[in-house]
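Morning, everyone. Let me put the structure up, and then we'll walk through a helix, a sheet and the cores.

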Amino acid sequence: MRKIQIAFLVLLTSLSAIAQTGYTPSPENIKAREEFQKARFGMFIHWGLSSVLGDGEWVMQIKNIPVKDYTKLQRAFNPVDFNAKTWVDIAKGAGMKYITLITRHHDGFSNFDTKQSSWSIMNTPYKRDIVKELADECHKQGIKICFYYSLLDWYRDDYPYETGKTGKGTGRTKKSDYASYLAFMKNQLTELLTKYGEVSAIWFDGHWDQLENDHDKTLQSKIDWKYEEIYSLIHKLQPQCLIGNNHHLSPIPGEDFQMFERDLPGENKGGLSGQEISALPLETCETLNGAWGYNIKDDNYKSPKQLVDYLVRASGYGANFLLNVGPMPNGEIQPEFVERLAKVGDWTKVYGETIYGTKGGFIRPHEWGAVTEKGNKTYLHLLKFKDEKFMLKIPQAFKTAKLFKNGTPIKFQKLDNNYFVFDIAALDKNEIDNVIELEK
């Protein structure tokens with residue numbers, strides 16, 4: 001019976017994927033999606049040549065730095081304090097299950113040993129492939145490795161910069177050639193998917209550069225990105241590799257998970273979201289301070305409480321939380337980040353069971369907190385409360401209610417229409433998260 005149930009679940013997942021995206025994912029891909037959905041927490045790493053200037057990863061665009069001047073940074077990038085084991089240890093200590101690393105950002109600089117361009121880390125004083133070092137360490141420690149890859153480019157002449165919204169001030173004058181640029185991207189993706197072991201996901205970004213705006217979801221791209229060719233190549237090289245695209249739209253054919261930038265699913269606080277939520281695995285990304293890449297002036301660090309809140313609320317939507325750090329140009333993750341991630345790790349060591357492998361709750365997250373579910377257990381995450389009683393309509397029956405942390409029974413009373421009132425007077429309002437476990 002168990003085997004029949006599993007087979008039926010796989011069939012349903014396949015049919016849903018076909019209906020949602022118009023392509024048939026492989027069995028390996030479906031399994032990878034299930035593993036991805038269980039992970040719940042990952043580390044995003046924005047790092048590369050731009051970190052030298054200490055003004056964020058968009059500095060080339062914001063300052064309108066011409067290519068001829070920006071290339072001078074290649075001789076200045078020498079991250080002598082980079083240590084792949086330290087990075088993975090930090091992520092693992094925080095309770096993160098995967099790492100998504102920038103392999104090439106919008107400035108076109110490659111953090112890996114590519115044969116397609118001299119504009120790479122191998123032609124800096126450092127001369128080491130940090131993508132390989134981090135991928136090897138992730139594989140060694142059992143952490144999934146995912147690669148961010150920019151679709152747009154402020155450096156190359158063959159990228160269609162004439163129709164793009166960004167990169168207008170970098171001094172390019174030659175006519176672009178997307179066929180040439182597409183071949184370049186496909187060759188680089190082939191390198192990334194054949195030289196670095198198993199890659200769990202490719203995280204694309206930059207589609208929005210060829211749109212008039214990010215608000216009108218009906219707009220068509222000014223160029224044909226040839227996604228069918230790109231996505232087919234990835235799935236051919238590594239069938240299990242998931243594909244996501246930060247285009248701020250609903251998923252298109254060939255994509256395996258849906259992402260939201262600085263918004264929880266269904267929210268649109270930053271004006272980038274507003275797309276429909278698909279049946280695919282979900283992920284939301286946010287950064288630990290205000291910047292993605294290293295910004296020496298940005299000390300607007302989120303507190304451990306804010307980070308746990310975001311992780312729990314994302315889980316309440318059934319989504320992963322990809323939390324970004326922007327390491328310093330010397331290769332170190334700055335101490336303010338490390339300190340906060342360690343404190344989040346203190347929380348995941350105790351409460352990880354209430355988010356890992358769970359599904360979104362029977363009710364969407366509210367101001368008071370969120371609900372996650374797994375098996376015969378439901379977890380009420382009380383993130384913010386003032387009263388001594390907590391009332392909630394719960395559609396499923398349960399036998400016991402207790403504080404997850406220490407098993408202390410929680411008194412409750414059932415009212416009409418499946419409303420329950422819980423006595424929470426004894427709970428510590430200073431706790432980052434008070435979790436009540438309900439068992440059927």
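One term before we start: a residue counts as buried when its relative accessible area is under 20%. Also, keep in mind that this is a predicted model.

α9 covers residues 304-316. At 1.5 Å a residue, its 13 residues should span 18 Å. The end C-alpha atoms are 18 Å apart, so that agrees.

After α9 comes G318, with a positive phi near 80 degrees.

Now the sheet. It is open, with three strands in the order β12-β15-β14, and the pairing is antiparallel. β12 (389-393) and β14 (412-414) are the edge strands, each pairing on one side only. On average, neighbouring strands are turned by 20 degrees against each other, direction ignored. Look at β14 and β15, residues 419-423: three bridges join them. F412 has F422 in β15 as its bridge partner.

Last, the cores. The largest nonpolar core has 88 residues. Which helix gives the most to this core? That is α7, residues 178-192, with seven residues. I99, L134, F204 and I230 have the most contacts inside the core. Take F204. Leaving out residues up to four places away in sequence, F204 touches Y149, L151, L189 and I230, among others. Its contacts also include N245, N246 and M259. There is a second, separate core of 18 residues, including A401, L403, I424 and I436.

Methods. Residues numbered from 1 in each chain as written. Predicted model: local features only at pLDDT ≥ 70, side-chain atom pairs only at ≥ 80, totals over all residues. Heavy atoms only, no water. Helix = DSSP H or I, 4+ residues; strand = E, 2+ residues; numbered from the N terminus. Expected span 1.5 Å × (residues − 1). Pairing = 2+ DSSP bridges. Axes fitted to C-alpha atoms, helices over the stretch in contact; angles between N-to-C directions. Core = buried A, V, L, I, M, F, W, Y, C linked by side-chain atoms within 4.5 Å. Buried < 20%, exposed > 50% of the residue type's maximum accessible area, 1.4 Å probe, protein only. Contact = heavy atoms within 4.5 Å.
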